[in-house]
Amino acid sequence: MKVAILDDYFDTLRTLRCFAKLAPFEVTVFNDHLDDVDLLAERLKDAEALVLIRERTKIGATLLSRLPRLRLISQRSVYPHIDVEACTRLGVIVSSSQHEGTPSYAAAELTWALVLAAMRDLPRQVAALRAGKWQIGVGRSLRGKTLGIYGYGRIGAVVAGYGRAFGMNVQVWAREASRARARGDGYAVSTSKEALFEASDVLSLHMRLVDATRGIVTGADLARMQATALLVNTSRAGLIEAGALVRALEAGRPGMAALDVFEQEPLLDPRDPLLAMDNVVCTPHIGYVTRDEYEIQFADIFDQIVAYAAGAPINVVNPDARPKPRLL
């Protein structure tokens, strides 16, 4: 079976222990990124199985219709970038482990790194020191401050624990079942979403991006935040109403942001307003990009390919897809 892997920017997957799971297959790894459908169709014309690294490449109906040999898309987590209906219609199975109960500690750790970097103004302090300047401002401590966790899932719960360890007052707002779990874990639950935005010194977003959560954070929500508050988003940019964060930061509420995700990715324009603001700390969607996390994630992804090749697909998103005949 011919397997194509897209968007492995640093050619990392070959170096993972779990890559050995693909030894029986003919594997091609692409290290650059393409958006052009014509170029992608040519690149993937012989692929029978396609490995995706998160949402780096959109797999739409037009592209799928030009890949008659494709039988399987294997990835992990949510799949807003895949036209599942078209996959089902064209007989392409989508396998995607939802890794319930296995937090991404890498993403939680990066979230906390961004909190510390923003509150202590580390990027500007480091840049100033390298430029021959000594101390350019005064940061803020975390102890005794209020940490708001919006969305109490696998990652939000871990970040809440970090806040507790740093002596912060943790408050949570989420779906009813998640609020109940937060109470059971000993955290305070806010009286409302609005109250969480008003009270938080640091507010961190931890939800999956689905239709129900797209734009769930509005401009009005951001305007409720304190002028000294920090908004952290390591989940998905689409959780925030399009354009609302830039407007809110320009208006001074919240006073700071720390971001690992953006409306357009990859973000390659240095003139983007978020990259130009001194009160914003940005990283290029690296929350899950550690060797340890890759071993966990791609073991799942490669297992899905092995299972399909054995005739017993697992973690199938679209069970109504009628499998295509096997190729010789």
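Me: What share of the contacts in the chain with a separation of 6 or more comes from residues 24 or more positions apart?
Reply: That share is 64%. Keep in mind that this is a predicted model.

Me: How many helices and strands are in the chain?
Reply: The chain has twelve helices and twelve strands. Its radius of gyration is 21 Å, close to the 20 Å that the globule rule gives for 328 residues, so the chain is as compact as a globular protein of that length.

Me: What box do the C-alpha atoms fill?
Reply: Along the principal axes, the box is roughly 65 × 50 × 35 Å.

Me: And what percentage of the residues count as buried?
Reply: Of the 328 residues, 49% count as buried. The chain exposes about 15,700 Å², and carbon and sulfur atoms supply 53% of that area.

Me: On to the sheet. What is the order of the seven strands in the open sheet?
Reply: The order is E8-E7-E6-E9-E10-E11-E12, with parallel pairing. Strand E8 (188-189) and strand E12 (280-282) are the edge strands, each pairing on one side only.

Me: How many bridges hold E7 and E8 together?
Reply: Two bridges, in the parallel sense, with E7 covering residues 169-173. In that pair, Gln171 stands opposite Ala188 of E8.

Me: How many bridges join E10 to E11?
Reply: Four bridges join them. Strand E10 covers residues 230-233 and runs parallel to E11. Leu231 stands opposite Ala257 in E11.

Me: Which way do the E11 side chains point?
Reply: Met256 and Ala258 point one way, while Ala257 and Leu259 point the other way. All of these are buried. In a regular strand, side chains alternate between the two faces of the sheet.

Me: What about the bond joining Glu265 and Pro266, cis or trans?
Reply: That bond is cis, with omega about -5°. Pro266 sits in the loop between E11 and helix H11 (273-276).

Me: What is the phi of Ser77?
Reply: Phi of Ser77 is positive, about 80°, although the residue is not a glycine. Ser77 is in the loop between E4 and helix H3 (84-90).

Me: Is Ser77 buried or exposed?
Reply: Buried, because its relative accessible area is 5%, and the cut-off for buried is under 20%.

Me: What phi does Asp121 have?
Reply: Phi of Asp121 is near 55°, a positive value in a residue other than glycine. Asp121 lies in the loop between helix H4 (105-119) and helix H5 (122-130). Its relative accessible area is 18%, so Asp121 counts as buried.

Me: Which other residues does Ser74 touch?
Reply: Leaving aside residues up to four places away in sequence, Ser74 touches several residues, including Leu50, Val51, Leu52, Ser95 and Ile305. Ser74 counts as buried, because its relative accessibility is 0%.

Me: Where is Arg69?
Reply: Arg69 is in the loop between helix H2 (61-64) and strand E4 (72-76). With a relative accessible area of 29%, Arg69 is partly exposed. Its C-alpha atom is 8.7 Å from that of Ala49, which is 20 residues away along the chain.

Me: Is Cys87 buried or exposed?
Reply: Cys87 is buried, because its relative accessible area is 0%. Cys282 counts as partly exposed, at 25% relative accessibility.

Notes
Residues are numbered from 1 along each chain as its sequence is written. This is a predicted model: local features need pLDDT of at least 70, side-chain atom pairs count only at pLDDT 80 or more; totals for chains, interfaces and linings use all residues. Side-chain values use heavy atoms; hydrogens and water are left out. Buried means under 20% relative accessible area, exposed over 50%, partly exposed in between (1.4 Å probe, protein chains only). Two strands pair if DSSP finds at least two bridges between them. Contact means heavy atoms within 4.5 Å. The radius of gyration is taken over C-alpha atoms; the globule rule is 2.2 Å times the number of residues to the power 0.38. Accessible areas come from the Shrake-Rupley method with a 1.4 Å probe; for residues, only the protein chains shown count as cover.
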